[in-house]
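Dear colleague,

I am passing on the structure below, and I would be grateful if you could look through it alongside the notes that follow.

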Protein chains: 2
Amino acid sequence: MFELLKTDPHSRARLGRLTTSRGVIDTPVFMPVGTQGSVKALDPRELLEMGTQIILGNTYHLHIRPGLDIINAAGGLHQFINWPHPILTDSGGFQVFSLAKIRKIKPHGVEFRSHLDGSLLFLGPKEAMEIQRALGSDIAMVFDDCPPHTSAPREMRAAVERTIRWAGECREQPRAAGQKVFGIVQGGSDPALREECAKQLVALDFDGYAIGGVSVGEPEPEMMKAVEVTEPFLPANKARYAMGLGTPAQLVELVARGVDMFDCVLPTRVARNGTAFTTRGTVSIKAGFNKSDFRPIEEGCECFACRHFTRAYLRHLLNVGEILGLRMVSVHNSHMFLKVMADIRAALAAGTFAEFRREFVANYIPSRKILLAREESR
Amino acid sequence: MFELLKTDPHSRARLGRLTTSRGVIDTPVFMPVGTQGSVKALDPRELLEMGTQIILGNTYHLHIRPGLDIINAAGGLHQFINWPHPILTDSGGFQVFSLAKIRKIKPHGVEFRSHLDGSLLFLGPKEAMEIQRALGSDIAMVFDDCPPHTSAPREMRAAVERTIRWAGECREQPRAAGQKVFGIVQGGSDPALREECAKQLVALDFDGYAIGGVSVGEPEPEMMKAVEVTEPFLPANKARYAMGLGTPAQLVELVARGVDMFDCVLPTRVARNGTAFTTRGTVSIKAGFNKSDFRPIEEGCECFACRHFTRAYLRHLLNVGEILGLRMVSVHNSHMFLKVMADIRAALAAGTFAEFRREFVANYIPSRKILLAREESR
């Protein structure tokens, strides 16, 4: 399923290829997030034009609305949303532990109240896999226990034990035809816990491994550390996926730490507030200095927004509340994330990743506000 | 400028061709409304794909935001919004009289407060034409006095006199290169006033004539009457434009009464509430009966939305507040209005308009709610 094409001699970065029943994915890859069955503000044509290879869907959200019966009747998630290309579904673990009101953690799952209408629901390994089977995603994620990064060591250990046990239960569930399943490593920033969790999951032999419990409010060094202490225990011949990350510069740094797959709500979320990503950092398109700036969001960018519209026009649209404004910034930002990954792949293929990484990170000025925005609910 | 290609033997309907410096427009034509420089939720590519020939812009709104200096610096409205095809600009008369707080009607215009920030502004024939010249629209409208349909006869007469006087003043103002100017007939539902206004405007020899003071809250029969009593006094060799109208069935009926051009906010406005237009009337896509309806909004419709998405999916998107939902209903509705006009033109060319009209109006079930929605501010 995963083919390791090349490794970078100066870092842990890898060029790879992930084969799913609905298409081949070049890695490292960024996966736009379609939580509720739609990558916010974008349509499938726009996603394909910007080079999207795979998108995300979410078990928790889709289970609540529209509900499995409707997606089943449609013939699965791909059919329902008209995206015949690969889809990875998150198991809902993260949402149950972050969005829902938990009533009780039980041996085989979590009893919780919907964040929407308070109705009582139950999600565990069996249910999460059952739903993902019905959704028909190409890659399903195990149902994990994702505790806050501030959890006490004792709670963190309990979450890891539960995550391992539940991963084993997920492993036994039936799958959709051709569906791959990834394990999720938890353990916060405790190297021993991360190592133990990784080893136990690897022993279960999943199709790929995710690093979870990141992008949960922890500072960047802690996040990087969580990845660094996990990665050595993941097999080279399986894809690694860092969940819910990150800024463009973080993506580059995480690739250098051996990560192959990413998803993040940042590009579309900040777009709706009028913030655009560029290779120099973020810029507020609504800001006064863009009033008469008739250049595109970023010179040289080949996205639909930059080929057609100026900052001055987009600023006007955002200021008067026209939907086209947030649409076009969403297009640009998503394209930018995908382009960074394409550039990374090209640099890895050309053997120039070290240089690319150095220049990219030097140019990119991180914004505190953006780092915080990532940590909101997803 | 306007070429009358064919007239229907059974009604006043006309097939025509309107030549502007930015392209030829086949009439009867529907013009999507881009009040603030964007047809709500749609991008220029989508507009072209659905057969848009000309869009509207608005002097009042664009004058307030982003302001003329910015549009000037961009090189005009076409450049600013990246729509190189024809644009008609409304003069702002309607908005001044409906949206703004009027402070004083003066001989040469209206002193009013911006509906946004209360700042004191002045708009009259000279200013409206100056702004439209700077916008560089292909068709400019005269600055008129558009009174409520409930106005007393005395006020209606004063408005007509003012409209005629201001039309004369507009006629004398400089224009952008190739810019055409249309007069606007007022007079409510008083046949004598309408006749007088039409005759006086025709004497001023405009490039086309609009019927204003419709779509201002009057009942449909009164609206139809206003058109019927005006049309006979408009020259056959000039285009006629009924402002702010209407539902699909009304468009067919107005074509039958000799109107060539239409604009209306209905298709995009109701789309944002999840209401779709079909040839049988409107349908609420959010309604429960669409839950598992995997057909397109309208069978046989060739719009982007109907080619790609089902009612069930669009209902889900609208219910969870995903922007793609309102985008796609906006695409469908705008396409539907444009398709009705294309079908009308085909029927006129084939000599089958009487049949088309009869069938269309018989099939189309009007909705009271929709008729009311049209009457809101534009």
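I begin with one pair: Arg327(A) forms a salt bridge with Glu46(B), and their closest N and O atoms are 3.0 Å apart, a salt bridge being a side-chain nitrogen of Lys or Arg within 4 Å of a carboxyl oxygen of Asp or Glu. Between chain A and chain B the count is eight salt bridges.

Please keep in mind that this is a predicted model, in which local features need pLDDT of at least 70 and side-chain atom pairs count only at pLDDT 80 or more, whereas totals for chains, interfaces and linings use all residues. Residues are numbered from 1 along each chain as its sequence is written, chains are lettered from A and ligands numbered from 1 in the order in which they are written, and side-chain values use heavy atoms, with hydrogens and water left out.

On the interface, the contact (heavy atoms within 4.5 Å) takes 39 residues from chain A and 39 residues from chain B. The area buried between the two chains is about 3,400 Å², with carbon and sulfur atoms giving 58% of it; buried area here is the accessible area (1.4 Å probe) that two parts lose on being put together, summed over both. In chain A, Arg45(A), His316(A) and Glu322(A) lose the most area to chain B, together 17% of what that side buries.

As for symmetry, chain A can be laid on chain B with an RMSD of 0.0 Å by a turn of 180 degrees and a shift of 0.0 Å along the axis, the superposition being by least squares on the C-alpha atoms of residues with pLDDT of at least 70 in both. The two copies are thus related as by a two-fold rotation axis. Of the residues of chain A, Ile323(A) comes closest to that axis, at 4.2 Å (C-alpha).

Turning to chain B, eight of the eight residues of helix H10 (residues 248–255) are buried, so this helix is largely enclosed by the rest of the structure. Buried means under 20% relative accessible area, exposed over 50%, and partly exposed in between (1.4 Å probe, protein chains only); helices are DSSP runs (H or I, at least four residues), numbered from the N terminus.

Phe356(B), which lies in helix H15 (residues 353–363) of chain B, is also buried, with a relative accessible area of 19%. Leaving aside neighbours within four places in sequence, the contacts of Phe356(B) include Val252(B) and Val340(B). Phe356(B) and Val252(B) are 104 residues apart in sequence and 9.0 Å apart in space, C-alpha to C-alpha, and Val252(B) is one of the buried residues of H10(B).

With best wishes

Terms used
Helices (H or I, at least four residues) and strands (E, at least two) are DSSP runs, numbered from the N terminus.
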